[in-house]
Amino acid sequence: MTFRPASMRCVKINSPELLNGFSGLKQRSGEALPNRDDRSLFDEVFLPHLTESYRLARWLTGNGADAEDVVQDASLRAFRAIQTFDGTNGRAWSLSVVRNTAYSWLLKNRPRAVVLADDLGEADRQQMEQGDAHRSGVQTPEQVLLLKLDIESVQDALTRLPAPLREIIVLREMHQLSYREIAEIAGIPIGTVMSRLARSRDVLAYMLGEQDK
Amino acid sequence: MMASPDDDDLELQAYLDGECDANAAHAFEKRLASDEGLRLRFEQMLALSNALRAIPQEDMPATLRARVGATVAGESPRGKRWSWRALAAAVIVGVLISAASILALDQYRSRQELVQQVIASHVRGLLASQPFDVASSDSHVVRPWFISRIARSPQVLNLAQQGFTLSGGRIDVVGNTPVPTVVYKHDTHVVSLTVLAPGLSLPVVSQSGYQALSWSDGKATYVAVCDLPVKDLANFRRIFTAASS
């Protein structure tokens with residue numbers, strides 16, 4: 001990837017595992033939780049995050065009924081894969097299961113509604129992540145629009161955001177997860193988290209400013 | 001060095017999201033104080049962030065937790081479901097096992113019944129005027145007596161030196177078969193040693209104060225019955241086995 005933000009210097013990268021890739025979800029430490037009963041592990045790891053799981057699924061699918069189906073599917077997946085949990089971050093692990101289940105559920109049941117970042121061409125993806133040069137970045141005071149930030153408008157703008165951007169902003173603002181956790185859950189590098197997040201905010205600001213015109 | 005607008009955005013964002021370390025945050029704050037455009041942009045982003053967080057989060061429907069619980073509970077261990085083939089195989093194996101265990105139980109019951117008959121014969125012998133049909137402490141008398149009456153002649157040992165005096169012999173009927181029983185005396189106790197066909201494995205049975213202990217060698221299966229404790233019968237068995245070999 002050619003994109004190498006100078007502001008990486010601003011991001012805490014003091015934890016060594018960051019440099020080794022996002023190992024948290026894929027690797028098992030092996031000694032973390034040996035010989036535990038699947039059900040008790042599931043109850044301890046996945047169940048406490050059920051409300052959050054539902055909310056994430058609600059944002060990713062766009063409605064409550066679909067979100068319920070996704071959470072049900074996700075809990076089954078989590079139960080079957082519970083032994084792969086490495087014992088470090090149950091919340092991020094659970095939400096990553098929900099996130100992945102949501103996309104496979106959408107692809108199966110709402111194939112036309114979902115656009116994944118992987119489906120986009122390279123040019124589109126760059127466009128999505130970086131946007132047009134003249135619209136992103138710091139504007140002069142005259143260019144900074146007064147945003148229409150009532151709940152209804154913001155909610156509507158968020159719903160209209162493309163799914164790959166929406167999931168990042170939801171994970172950041174609704175679930176208040178760190179860049180690292182978002183990278184783990186969405187399965188993308190931390191640099192991509194940062195660029196998509198910036199792009200999401202930029203697009204939201206554009207949509208919310210536009211309405212005033 | 002001039003930072004590109006994108007880099008500014010990312011730096012602003014990292015500060016906004018609390019992802020800067022202390023030094024970077026301090027440096028950014030200095031820039032924010034001197035750069036009006038950056039400050040406005042920051043305020044805009046902060047307002048957007050707050051607005052996003054202000055969106056009410058929908059609560060999970062109350063039924064969902066139960067639904068998830070039922071889904072997971074319905075999952076048999078390790079996610080395997082019974083196919084009808086496996087089920088059919090399990091039924092067949094189950095039937096075979098229960099048939100086998102009924103047979104085994106049957107055999108056990110019949111073997112236990114056999115020992116009970118031996119004990120009953122011992123008791124009947126004690127109730128008679130004497131517990132033997134031929135009275136003799138001489139094995140050379142007892143043995144021919146058996147041979148004259150039934151096809152099989154048992155080992156008749158004189159174990160007087162070991163504390164078990166030969167008293168005689170009688171013929172019992174066990175399982176519709178006449179079988180020889182050799183009677184020994186140990187102090188005031190009467191020990192009946194019933195000799196059955198070889199190769200039987202019989203349980204230890206206690207009944208009405210009488211104990212029956214059995215063992216077998218290549219020639220016969222022996223059942224010793226007495227009112228002595230089982231450990232004394234075991235002693236008798238040891239003495240008998242040592243003398244017979």
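## A serine in a loop of chain B

Is B:Ser208 buried or exposed? In this predicted model, B:Ser208 is exposed, with 8 other C-beta atoms within 10 Å. You will find B:Ser208 in the loop of chain B between strands β5 (205-207) and β6 (210-216). Its backbone is worth a look too: B:Ser208 has a positive phi of about 50 degrees although it is not a glycine. For background, most residues other than glycine have a negative phi.

B:Asp187 is another residue to look at here. This aspartate is not a glycine either, and its phi is positive at about 55 degrees. B:Asp187 lies in the loop joining β3 (177-186) and β4 (189-196) of chain B. B:Asp187 is exposed, and 8 other C-beta atoms lie within 10 Å.

## Chain B as a whole

Stepping back, chain B contains seven helices and seven strands. Going along the sequence, their order is α-α-α-α-α-β-α-β-β-β-β-β-β-α. Of the 245 residues in chain B, 30% are buried. If you consider contacts in chain B between residues at least 6 apart in sequence, 52% of them join residues at least 24 apart.

## Helix α3 of chain A and its partners

Now to chain A, where helix packing can be followed residue by residue. Two packed helices are described by the angle between their axes and the distance between the axes. Helix α3 (residues 50-61) of chain A packs with helix α8 (residues 163-174) of chain A at an angle of about 150 degrees, and their axes are 10 Å apart. Since angles over 145 degrees count as roughly antiparallel, α3(A) is roughly antiparallel to α8(A). Their crossing is right-handed. On the α3(A) side the contact involves A:Arg55, A:Leu56, A:Trp59 and A:Leu60, which meet A:Arg166, A:Glu167, A:Val170 and A:Met174 of α8(A). By class, the residues of this contact are five nonpolar, no polar and three charged.

Helix α3(A) also packs with helix α5 (residues 90-109) of chain A, where the axes come within 10 Å and cross at roughly 30 degrees. That angle makes α3(A) roughly parallel to α5(A), and the crossing is right-handed. From α3(A), the contact uses A:Glu52, A:Ser53, A:Leu56, A:Ala57, A:Leu60 and A:Thr61; from α5(A), it uses A:Ser94, A:Leu95, A:Val98, A:Arg99, A:Ala102 and A:Leu106. The contact of α3(A) with α5(A) has seven nonpolar, three polar and two charged residues.

In soluble globular proteins, nonpolar side chains tend to be buried together. Here, the largest nonpolar core has 63 residues, and those touching the most other members are A:Ala57, A:Val70, A:Val71, A:Val98, A:Ile168, A:Ile182 and A:Val193. Helix α10 (residues 190-210) of chain A gives this core its largest share, nine residues. Leaving aside residues up to four places away in sequence, A:Val70 touches A:Ala57, A:Thr61, A:Val98, A:Thr101, A:Ala102 and A:Trp105. There is also a second, separate core of 33 residues, with B:Leu114, B:Val142, B:Leu166 and B:Phe236 among them.

## A covered helix

One more helix of chain A deserves a stop. Helix α9 (residues 179-186) of chain A is mostly covered, with eight of its eight residues buried. Among the buried residues of α9(A) are A:Arg180, A:Glu181 and A:Glu184, along with A:Ile182 and A:Ile185. Just after α9(A) comes A:Gly187, with a positive phi of about 65 degrees.

Key
Residues numbered from 1 in each chain as written. Chains lettered and ligands numbered in written order. Predicted model: local features only at pLDDT ≥ 70, side-chain atom pairs only at ≥ 80, totals over all residues. Axes fitted to C-alpha atoms, helices over the stretch in contact; angles between N-to-C directions. Helix = DSSP H or I, 4+ residues; strand = E, 2+ residues; numbered from the N terminus. Parallel < 35°, antiparallel > 145°, perpendicular 65-115°, else oblique. Left-handed = near helix turned anticlockwise from the far one by under 90°. Contact = placed C-beta atoms within 7 Å. Nonpolar A, V, L, I, M, F, W, Y, C, P; charged D, E, K, R; others polar. Core = buried A, V, L, I, M, F, W, Y, C linked by C-beta atoms within 7 Å. Buried ≥ 20, exposed ≤ 12 C-beta atoms within 10 Å, placed from the backbone.
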